[in-house]
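Please look over the sequence and the model below, and then read on for a short report on a cavity, a residue with its contacts, and some aromatic rings.

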Amino acid sequence: MYSPTDLKKNTVIELDGAPFKVVEYSQKVVGRGGSIVNVKLKNLLTGALIPKTFKGQDKITPAEVNNRRVQFLYDDASDFFFMDPETYEQYQLPLEIVGDAKSFLKENSELDLQFFNGAIVGLVLPKNLWLTVAHTENVVKGDTTSSVMKDAELETGLVIKVPAFIKVGDVVSIDTENLTYRERQK
């Protein structure tokens, strides 16, 4: 059992028989040692977002969610196809479950699928991914300080801000949680 203060972003809990993932978290301490935790929860079965408030004494049930390592194979406009590299079992996920993660998927990349009661409820990306820069503007000569940022389109179609010295063909590390540039591959 969790207490409200054990919750943090991406923690998966069970409410009314359904799995929910914490997407926002804030804690407010009130007088006499009590605290109130406000969270925004995403229902992993329906995708619905709900606000929820927990008081300091509430007990929260962790969800029985299992992760399985899979390899991304390909997508057609509406579905995404994955394979377990050990058993060769294949999984087909609709765009609704894949969501924004589609911006990070490239053929043969590995990630985890989340299962709740035998059903796939989501996917878990690695914290950092290496992607190749497919398009970016050339920098103006002399304007190469690291504080100048420009747009770069990555091989998956995702557009992020990168330092001015990044050029087409560079491989960069991306933080998948906040969509930010981390470093260039050496």
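The largest cavity is lined by Phe-104, Leu-105, Ser-109, Glu-110, Leu-111, Leu-125, Pro-126 and Leu-129. On a 1 Å grid over the protein atoms alone, a cavity is a set of points where a 1.4 Å probe fits but cannot get out, and lining residues have an atom within 4 Å of a point. The lining divides into 6 nonpolar residues, 1 polar and 1 charged, where Ala, Val, Leu, Ile, Met, Phe, Trp, Tyr, Cys and Pro count as nonpolar, Asp, Glu, Lys and Arg as charged, and the others as polar. This largest cavity holds about 30 Å³ of space, the volume being the space filled by probe spheres set on the grid points, which are joined across faces, edges and corners.

The model is predicted, and local features need pLDDT of at least 70, side-chain atom pairs count only at pLDDT 80 or more, and totals for chains, interfaces and linings use all residues. Residues are numbered from 1 along each chain as its sequence is written, and side-chain values use heavy atoms, with hydrogens and water left out.

Leu-111, from the cavity lining, is also in contact (heavy atoms within 4.5 Å) with Leu-123. Leaving aside neighbours within four places in sequence, the contacts of Leu-123 also include Phe-82, Leu-93 and Val-98. Leu-123 belongs to strand β10, residues 119–124, a strand being a DSSP run of E with at least two residues, numbered from the N terminus. At 14% relative accessibility, Leu-123 counts as buried, a word that means under 20% relative accessible area, with exposed over 50% and partly exposed in between, for a 1.4 Å probe and protein chains only.

Rings of Phe, Tyr and Trp (its six-membered ring) pair if their centres lie within 6.5 Å, and planes under 30 degrees apart count as stacked, over 60 as edge-to-face and the rest as tilted. The count comes to 4 aromatic pairs, and two of them are set out here.

| Pair | Centre to centre | Angle between planes | Type |
|---|---|---|---|
| Phe-72 and Phe-82 | 5.4 Å | 55 degrees | tilted |
| Tyr-74 and Phe-81 | 4.6 Å | 20 degrees | stacked |

Because Phe-72 lies in strand β6 (residues 65–76) and Phe-82 in strand β7 (residues 79–83), their pair ties together parts that are 10 residues apart in sequence. Both Phe-72 and Phe-82 are buried, and together with Phe-80 they form one aromatic cluster.

Note on methods. Helix = DSSP H or I, 4+ residues; strand = E, 2+ residues; numbered from the N terminus. 1 Å grid on protein atoms, 1.4 Å probe; cavity = no way out; pocket = protein on both sides within 12 Å on 5 of 7 lines; lining within 4 Å.
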